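Subject: Structure handover

Hello,

I am passing on a structure that you have not worked with before.

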Amino acid sequence: MPLAEKISLTAAFIFLMTGLLTGIWKYAAMTASPKATAPRYVDIAHRSSLMYSFAALVLATFARYSIYPGWLNTLAAVAALSFFAFAISTYIVHGLLQDTSNQMRKPHRLGKTTLPPWVIHGFMGLLILAEVGGALVLGSGGLIAIW
């Protein structure tokens, strides 16, 4: 089994478990809330973890078939999956701190700290590059192989 596929399957399991565990957190928050709702970023962490787990499975399948060299597939998988993990981690942190209902709203808050806009925009630029680039490499390599 190619390393990129192993890494992607491992990430899928970690993301799935994160989704299940944040689901328990979401349920507990909902039962403690007078409005029966969880904090926004607890909900987002739960749902995004589950969605990213399935995205990691798709990347694993593309990695299995990709015609590109193993090092390139591994780099693409690690890039995309790392930013999936960074996104989930950010949602969990905001859920724990309950410091915002919209991380893109200015001023950008992280706990009691205000982050400069370049940090948020720089992170989002890198996230787009890594996630789209990684998926593009693995997806195109897999599709070229099967067609």
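The notes below cover the annotated spans, the aromatic pairs and one serine.

Please keep in mind that this is a predicted model.

Annotated spans. The UniProt record, an unreviewed entry, gives "transmembrane region" at residues 6-28, 49-68, 74-97 and 118-146. In the model, residues 6-28 are 100% helix and 0% strand, with 33 Å between the end C-alpha atoms. Residues 49-68 are 85% helix and 0% strand, and there the end C-alpha atoms are 28 Å apart.

Aromatic pairs. The structure has six of them. F15 is buried, because its relative accessible area of 6% is under the 20% cut-off. Y52 is also buried, at 15%. Ring pairs also bring in F84, giving a cluster of F15, Y52 and F84.

The serine. S8 is located in helix α1. Its relative accessible area is 0%, so S8 counts as buried. Which residues does S8 contact, once its neighbours within four places in sequence are left aside? They are A56, L59, A60, A77 and L81.

Regards

Methods:
Residues are numbered from 1 along each chain as its sequence is written. This is a predicted model: local features need pLDDT of at least 70, side-chain atom pairs count only at pLDDT 80 or more; totals for chains, interfaces and linings use all residues. Side-chain values use heavy atoms; hydrogens and water are left out. Rings of Phe, Tyr and Trp (its six-membered ring) pair if their centres lie within 6.5 Å; planes under 30 degrees apart count as stacked, over 60 as edge-to-face and the rest as tilted. Buried means under 20% relative accessible area, exposed over 50%, partly exposed in between (1.4 Å probe, protein chains only). Helices (H or I, at least four residues) and strands (E, at least two) are DSSP runs, numbered from the N terminus. Contact means heavy atoms within 4.5 Å. UniProt positions are given in the numbering used here, feature names are shortened, and annotations may be inferred rather than shown by experiment.
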